[in-house]
Amino acid sequence: MKRPAATAAALLALLAAPLFYAGCGNAKAPAPQLTKPTNATECVEPAATMRANHMNLLRHERDNIVREGDRSRKYRIEGCAQCHTKRAEFCDRCHDYAGVKPECFDCHYLP
Amino acid sequence: MAKADFEIPDIKNGVSVPAVKPGAMAHVKYHPASEAHLTKLGFPAKRVDNWKEVALAKMNELMGKYKSLSLFLDVCVKCGACADKCHYYLGTGDPNNMPVARQELMRKVYRKNFTLGGKLFGGLARAEDLTEEVLREWMAYFHQCSQCRRCSVFCPFGIDTAEISMAAREIMDSIGIGQKYTLEIIAKVHDTGNNLGIPKDALIGTLEFLEEDVKETTGVDVKFPLDQKGAEVMLIVPSADFFSSPHVDSLVGYAKVFHAAGISYTFSSHASEFANFGMFIGSYDNTKKIATRIADAGRDLGVKRIVVGECGHAYRVAYSFWNTLAGPFDYLDKNHSVPTHVCEFTDELLRRNALKLDKSANDEFTVTYHDSCNVARASRMGTEPGGQFEIPRNILKAVCNKYVEMDPEANREKTFCCGGGGGLLSDELLEVRVKGAAPKVSALKEVMDNQGVNTMAMICAICKAQFTKVLPYYDIPMEAVAGVHQLVSNAIQLGDK
Amino acid sequence: MGGLSLLSLVYVALSYAAAAIFVGGLMRKLWGYAVTPNPLCIPTTPSPATKGGVVARLALNIVAFADLFKGNRWTWIGGYAFHVILIAVTVRHLRLFIYPVPPLLAEIQPLALLIAMLLPLPLVYLLARRKMVDRYAWISSPADYGVLILILLIALSGLGLKFVSHSDLVGIKHFLLGLLMFSPVDMPAHPAFIIHLTLVLMLAVYFPYSKLVHAGGVFFSPTRMMVDDPRERRHINPWAAK
Amino acid sequence: MPEMDRRSLLKMGAAAIAGTVIGNGVTLYTSPARAEEGGGPPGAAATNALEIPSKGKARWGMVIDNNKCTAQCTACTAACRTENNVPLFGDERYDGHWIRKVTLTPERGGPEKHLPLLCNHCDQPPCQHVCPVAATFTRHDGIVMIDKHRCIGCRYCMIACPYKARTFVFKETSEWTNKDVPKRAHGVVEKCTFCAHLIDQGKIPACVEACNKSGEGAMIFGDLNNPGSAIVKYIRAVATKGIREDLGLEPKVSYTGI
């Protein structure tokens, strides 16, 4: 190794890269800003449950709806749309934040 | 079949990977070095009282001096890729002869004394202090490594057990524990300029005898000059070439090649020996001292080139280390590689069609070639990587009609060591040598049985000495061993030039 | 840092400590390798005679584990699969440390997930290999099994977070970004996440002081990194030159 | 059993089945004798509401009175496209069809017949049998459906279907014409659902409603298990037949006047 100091500096820079990329020095860590529904104060489940599990609830219920034709189920993507009327200001915010690309909206309409 | 008081590996169906047999080779002991030799080489005359502290201090010093050692002690993931690659493991089944386990002998001491994890959780990390028992393991198993580097070929991190066994031997020497064979030989080189301790008068006598002998058999005046100032080339060979059979036949070969080429050359009485056992014990100072002696001899004789003979580890030192240890060789002709291997020298003459050859002179031989480990894995011939494989083969094909390759899995880059390298060519280690030779002998046996091979050519003095000794244990006559230049010698036609 | 829950306070402190030990320890190790001299030229030949050749060989070794492939195919399969899957795991996790997430990174998540979820397979294979072949059993210490089991536990807790007890991913990312930007926020008090994070911190601390430094050490190996040109170019021994 | 010459058997079969070419390059085979039958009594009165029996009891079916179906009318196909977000791209390669108007040309002469062709919701659906991922399934009420969350787009089902009722989504639909119904992502297979989403709400399929509205009233939809339903009464009164009944797939769509 000819230039240990330069190599070490390069390694350090590489390791620290995510830190700079994340915007070291900004006062606060960014978090998604959500526009909340105006027509209701509570979701079908507590917010914490929905945050962690909405995808599983929807996925589970979709089989009942498609296969059994039971359209009375509690968790339906069309149900979400009744309160969350602006996808871009609600769904997309968190999905973009976490790098998640759900396929739901390829077929299902959400305003 | 030669008789032995130990079991000879059965190679009838080749050598397969043996089951682990713990402690199978723990009983092997080398003869201890004398106080005189230890002292002469700069080591304590006997084991020092605070040997453990001295050993650990030496280990620490070496880790600071050698990147190889400091890195290799850390990065082994124990993947086991090397576990079935060592000829000593294949021949003995002793798990401490797996390269990774051999390294662990030092690594466990390293962990105990130099790493936080080893100090805190010794047992979980298999850390161990340098106890009397561990030292005994070091003495046994670091002298069952021929430093052939086969393991390093397969290691994903290039870990070379040779580096570790060299360091271990240096640490042991530094506390006054030495091996008689290597230390005695190094002492002889410092005294007389060659391993065998041949005085100048005996050397003169030998060379005169050879001149007469060649004159008698060929009718040509082939010279064996000694200390001839102003010669073009200084030829430096392993000293076994002056006496032993079949080594000496290759020496005659070199002389004939120089004669045919019409290039003046000379031996040196100050440095008549090419071998450098300093490397085997990892002693930088001793290796350097021996190399410098050779560089000085060339300078004193005023030669333009240094050509080296058929020796494996010595060629590694010459090729890889001379320039560093005893360079720069600015008194030599820059148009030739420094040093030049005698095979490179002969090969160049062949390419120029400068040699008259009669291949049929070797018709009684069906020849195969054994790649010696230090030539194959620690040096190069010619300008292209792998030249060390092609050039000796080119020569053999030029001088023999019947040439056969051995299994490439046991040759070339993956060649198995003869079993006698690295300072193990000593009688008390015969069991290690015979068992360690099994993988290579098995490859040889295969071509002997199936393709009628009766001669194995090689370019290493240790290989030649080892095989002539151990082949009879496998029911193969020692006459199967030949030097490459021995076959050149048979074929070369010395007309009027 | 005011207003953090006790749990978050503890884990913020642990995370910074582990990161410091990981980065500091690794740097110290690699620095040590970098500055320790090579007194002699010791490439394992046949070896490239040019710098470019050495780089190409190293690249092949890093990308394909070429030397291990030569050494043992069965070990290669397990080791190579493990490392390739680790890359996919890294891709899965990178999005939690980068804001905003680059589009390409978001795009490849489904593929990365498909590969990443296989992580336990090579680990179990590597564990079984150590146990079942007598040679590998002989050389394996509790530490060798331990680190495989630790990574296996990390993998299982991670898969649990994904498939069994899904957590608040946005909350986790917020917490991680807070750590990265030195303005910590509360962490989601999700048991599976706490277990996962704890195991990862353990691995980070263990890393620089174990065989895991091979990840950086592989770039320093003299038998692989040195150019085979001792006759053409005089290799100077740094400590002998002084 | 007397030994029968295999070749002569095949010849006999060829003579018995005459080919008829219908629209879009599809060849359907119907028995010529049967194809010349037809001309039934007028259909039952149109109704837009369905009586939904308890789960597992219904078996929805359709009869098309081809005497009432005129060649030019596309009310059913247009309604289907709007209801189910099935667009026309203006490019044959991409256009999907859930219900099509096809033209029958009897080989032995006679007038051309125009008829709507849609998924026959077979009781023995070959498309379902061949699906490697169980994306095609039969609902409790007999409707054959595709779970597009599961479909991998392998298209075995398209080869299996004798009615060419299925199309592959080569191109994603850009907008919803009916936001209450999902559209399809690129790479899955789609087909008629009998407007299951409407049935579940007690409504009749969009095509039937459009046919009624257009005044033709050629489509009768109802519960084949309900003896009191209009469709059962109609079938009892008039001889209807399915297309390629010989395949034994037991289609739930049948025709009169073909």
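Mentor: Helix α16 of chain B, residues 342–351, is mostly covered, with eight of its 10 residues buried. Buried stands for a relative accessible area under 20%, exposed for over 50%, and partly exposed for what lies in between, using a 1.4 Å probe and protein chains only. Helices (H or I, at least four residues) and strands (E, at least two) are DSSP runs, numbered from the N terminus. The model is predicted: local features need pLDDT of at least 70, side-chain atom pairs count only at pLDDT 80 or more, and totals for chains, interfaces and linings use all residues. Residues are numbered from 1 along each chain as its sequence is written, chains are lettered from A and ligands numbered from 1 in the order in which they are written, and side-chain values use heavy atoms, with hydrogens and water left out.

The buried residues of α16(B) are V342(B), C343(B), E344(B), F345(B), T346(B), D347(B), L349(B) and L350(B). Their cover includes the helices α13 (247–261), α15 (312–326), α18 (387–399) and α21 (484–491), together with β3 (305–308) and β4 (340–341), of chain B. Contact here means heavy atoms within 4.5 Å. After α16(B) comes N353(B), which has a positive phi, near 60 degrees.

Chain B also has an open sheet of four strands in the order β6-β5-β7-β8, with parallel pairing. The edges are held by β6 (403–404) and β8 (481–483) of chain B; each has a single partner strand, so one side of each is left without a neighbour in the sheet. Two strands count as paired if DSSP finds at least two bridges between them. Strand β5 of chain B, residues 367–369, is joined to β6(B) by two bridges, and they run parallel. Opposite T368(B) stands V404(B) in β6(B).

Elsewhere in chain B, Q228(B) sits in the loop between α11 (200–218) and β1 (233–236). Q228(B) is partly exposed, at a relative accessible area of 39%. Leaving out residues up to four places away in sequence, Q228(B) touches Y265(B), T266(B), F267(B) and L301(B). S264(B) is 36 residues from Q228(B) along the chain, and their C-alpha atoms are separated by 9.3 Å.

In chain D, an open sheet of three strands has mixed pairing and the order β10-β3-β11. Its edge strands, β10 (219–223) and β11 (253–256) of chain D, each have a single partner strand, so one side of each is left without a neighbour in the sheet. On average, neighbouring strands of this sheet are turned by 20 degrees against each other, direction ignored. Axes are lines fitted to C-alpha atoms, for helices over the stretch in contact, and angles run from 0 to 180 degrees between N-to-C directions. Strand β3 of chain D, residues 60–65, runs antiparallel to β10(D) and is joined to β10(D) by five bridges; V63(D) has I220(D) as its bridge partner in β10(D). Helix α7 of chain D (206–213) lies across β3 and β10 of chain D, at about 135 degrees to β10(D). Helix α8 of chain D (230–237) lies across β3, β10 and β11 of chain D, at about 115 degrees to β10(D).

As for the chains, four pairs touch, and chains B and C have the most contacts among them. Chains B and D share no contact, and their closest C-alpha atoms lie 41 Å apart.
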